[in-house]
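Dear colleague,

Please find below the structure for your review. A summary of the findings follows it.

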Amino acid sequence: MNQFEEQLSNRLKKDASAYKEWSASRFDTSNNELLWNPPKRRFWKPAALAASVLLATVLWLTYPNQEPKGMMDVSTVATQWQQMPAKIEQATQSPLQQEQEAIKADLKALKDQLFTI
Amino acid sequence: MTEAELIHQAQQGVTSCFTQLVVLYQPKIHSFLLARCNNPSDADDVMQETFINAHRYIKSYDDRWAFSTWLFTIAKRQLSRLKPKPHISLDEVSEPVDEGTELSDNIWPLVKQHLGETSHDLLWFFYVEGMSIKDLSQVMNQSTSWVKTNLHRSKMKLSHVPAIQQMMGK
């Protein structure tokens, strides 16, 4: 194993030098700027982000406080929700019942007036 | 200027000092990446990302470790983020290589093929870069006992690969 390891070690080192030569032939080492300066494509992400922010700001300044159509504020929804039972009751009453209710209300009003007098 | 001074200056934001460090370490990183990547353009991309990240985070460099160890750690991390491209072997390279450079019959593609990328990296750092077990554990993000065991296993496995045996017998 020791002999194999020594042979292996030499062979691995020797063959690694082929990659070093390949690397040297592939790159002009004087052109360091190419190696670590951010490539152009890296600028696209920040540029896209900046453009999105700018567009959102322009839209916000152009149409301030404008809500999309069909939207209601919370208080309107809450009021309408509270009125719903009465509306349902009213809708389910027959026309006769409604008439009776109206007559009762009128009688009560008259009674109140009489007693007041 | 010594390497330590270059690093210190680079940490202070002196770009020219970082450039000198790039010149110093580029051949090591790039040759490793060429051996490791399936495609030379991948190696170029990973190297570029490695140096971009090194430049960005140089202030966090801890001088308890060798600078090359730190760079190889970044390179390894960038390699793991690489999306695979079609394989181009050393023999299919269209670019001219120096006369006398033996590119066919190279042991490293066989190492990667039979042992996998982890063992390939381990053997490269140990034999080619001469890293210590401690440095290897840092680069591989593993314990020292893991490094020792896997180094031994890798050598044992290699000794049983017929193509390697044939190559060593020459």
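Helices (H or I, at least four residues) and strands (E, at least two) are DSSP runs, numbered from the N terminus. On that basis, chain A has five helices and zero strands.

This is a predicted model, in which local features need pLDDT of at least 70, side-chain atom pairs count only at pLDDT 80 or more, and totals for chains, interfaces and linings use all residues. Residues are numbered from 1 along each chain as its sequence is written, while chains are lettered from A and ligands numbered from 1 in the order in which they are written.

Confidence in chain A: the average pLDDT (the predictor's confidence in each residue, from 0 to 100) is 76, and 75% of the residues score at least 70. Among the elements of chain A, the mean is lowest for helix 2 (residues 32-36), at 52, and highest for helix 1 (residues 2-26), at 85. Where pLDDT is low, the predicted coordinates should not be read in detail.

Chain B, helix 7: Asp135(B), Leu136(B), Gln138(B) and Val139(B) of this helix (residues 133-140) are buried, that is, 20 or more other C-beta atoms lie within 10 Å of their own. They lie on the same side of helix 7 of chain B because they cover an arc of only 160° around the axis, taken from the directions from the helix axis to the C-beta atoms. These buried residues pack against helix 4 (67-80), helix 6 (117-128) and helix 8 (144-159) of chain B, a contact being two C-beta atoms, placed from the backbone, within 7 Å. Asn141(B), with a positive phi near 60°, follows helix 7 of chain B.

Kind regards

Technical notes. Buried ≥ 20, exposed ≤ 12 C-beta atoms within 10 Å, placed from the backbone.
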